[in-house]
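Here is a friendly tour of one protein model. Have a look at the sequence and the structure, and then read on.

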Amino acid sequence: MTMLTAAAAMHCLPKSAVAEAPAFRAKAPFSGVPTMLSDIDQLPQIQMGEFILQFELGEPTAHGKEVAMKELRETPERQKEATKELARLLEAETDLHYPKDNEEWLIRFLRPCKYYPESARDLIKRYYSFKVKHSDVYNNLKPSGEMNIFNHNILTVFPNRDQLGRRILVLELGKRWKHKQVTLDEVFKGAVIFLEAAMLEPETQICGAVVIFDMDGLSLQQTWQFTPPFAKRIVDWLQDSVPLRIKAIHIVNQPKIFNVVFALFKPFLREKLRSRIIFHGTDRESLHKHMSPKCLPAAYGGILESNRIDSDQWYQLLLKCDPEFDAINSYGYKKK
């Protein structure tokens, strides 16, 4: 994902990060994509008027480096030691096909585990086990096969980060969601694609992401689409199988009937994730206690002057990453 403009970057990032905000490097020459698993040798991007939409795959900002050190115990020495130890631990996983000797890939799993190699190994095993368990969702999952969800503009990512440098993913499962045209499985696939892309970004690996569920207009017919198995899959994914720091889930504009939906999820929630789910309704002051108005558009009571990047615009960028998703799909537990 990307910062579209220098202005957008400065609205939300701490002052220490502004000098290194990726927006300033949007048009710089790019040599190689070290965080990617595929052989893409040019940074995927699309031109949007005078702006460039692209992923942030460069070095972390000053703010990101500070967070990495304070919250993740990241130092050059520990990074070197932990990647070496994780690589050693993975040698015992003989039934797992993974990108050996790829340090960037190892770091991707070490960061959410605060550089504890055993925890990172376990996360890798859960990540790939989840894909096996839900192979009906993950088989050949890539942007070009999921046009429908992006066409309906239900999911998007803000062009800016929040005040803590976190990615902001928005799902609108009320008025925008035509449940007879888009299944919840398709919504899940779209979310997976977005988060897999976010995992490529060093800044997002460090700072994490927040999710806004906008439930404005949720109908009784829509609530019937949710089932206990679907709820369990989502919770298992978020709690155990996503190698990304999901720092908060904000529920906004929810009608009373949303309680019926949330009741399906509650039995599967452990305290850590439960404590990060925050209900705001239409109370924008409540939301602003967690997310600065400078990082939010007017629809959420914010003052951010930045155009919404619609799903179909993200889709055009994600399409350029199809080879990367092919590479992602090529790894995992060997079929028996």
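Lys272 sits in helix H14, residues 271-274; helices here are DSSP runs of H or I with at least four residues, strands are runs of E with at least two, and both are numbered from the N terminus. Lys272 is exposed, its relative accessible area being 59%. For accessibility, buried means under 20% relative accessible area, exposed means over 50%, and partly exposed lies in between (1.4 Å probe, protein chains only). Between Lys272 and Gln239 there are 33 residues of separation in sequence, while their C-alpha atoms are 8.5 Å apart in space.

## What kind of model this is

This is a predicted model, in which local features need pLDDT of at least 70 and side-chain atom pairs count only at pLDDT 80 or more, whereas totals for chains, interfaces and linings use all residues. Residues are numbered from 1 along each chain as its sequence is written, and side-chain values use heavy atoms, with hydrogens and water left out.

## Two helices that cross

Two packed helices are described by the angle between their axes and the distance between the axes. For helix H4 (residues 76-90) and helix H6 (residues 117-133), the axes come within 9 Å and cross at roughly 50°. Those axes are lines fitted to C-alpha atoms, for helices over the stretch in contact, with angles running from 0 to 180 degrees between N-to-C directions. H4 and H6 are therefore oblique to each other; angles under 35 degrees count as roughly parallel, over 145 as roughly antiparallel, 65 to 115 as roughly perpendicular, and the rest as oblique.

Which residues of H4 and H6 meet? On the H4 side they are Ala82, Glu85, Leu86, Leu89 and Leu90, and on the H6 side Pro117, Glu118, Ala120, Arg121 and Ile124. Contact here means heavy atoms within 4.5 Å.

## Salt bridges across the sequence

A salt bridge is a side-chain nitrogen of Lys or Arg within 4 Å of a carboxyl oxygen of Asp or Glu, and by this rule the count comes to 20 salt bridges. One of them joins the side chains of Glu93 and Lys125, at 3.7 Å from N to O. Glu93 lies in the loop between H4 and strand S3 (96-97) and Lys125 in helix H6, so this pair ties together parts that are 32 residues apart in sequence. Glu93 counts as buried at 13% relative accessibility, whereas Lys125 is partly exposed at 29%.

Another salt bridge links the side chains of Arg161 and Glu201 at 3.5 Å, N to O. Arg161 is in the loop between strand S4 (155-157) and strand S5 (167-172), and Glu201 is in the loop between helix H9 (184-198) and helix H10 (202-207), so the pair ties together parts 40 residues apart in sequence.

## Two residues with positive phi

Tyr115 is a residue other than glycine with a positive phi, near 70°. Tyr115 is found in the loop between helix H5 (103-110) and H6, and it is buried, with a relative accessible area of 2%.

Asn140 is not a glycine either, yet has a positive phi of about 55°. Asn140 belongs to the loop between helix H7 (135-138) and helix H8 (147-151), and counts as exposed at 55% relative accessibility.
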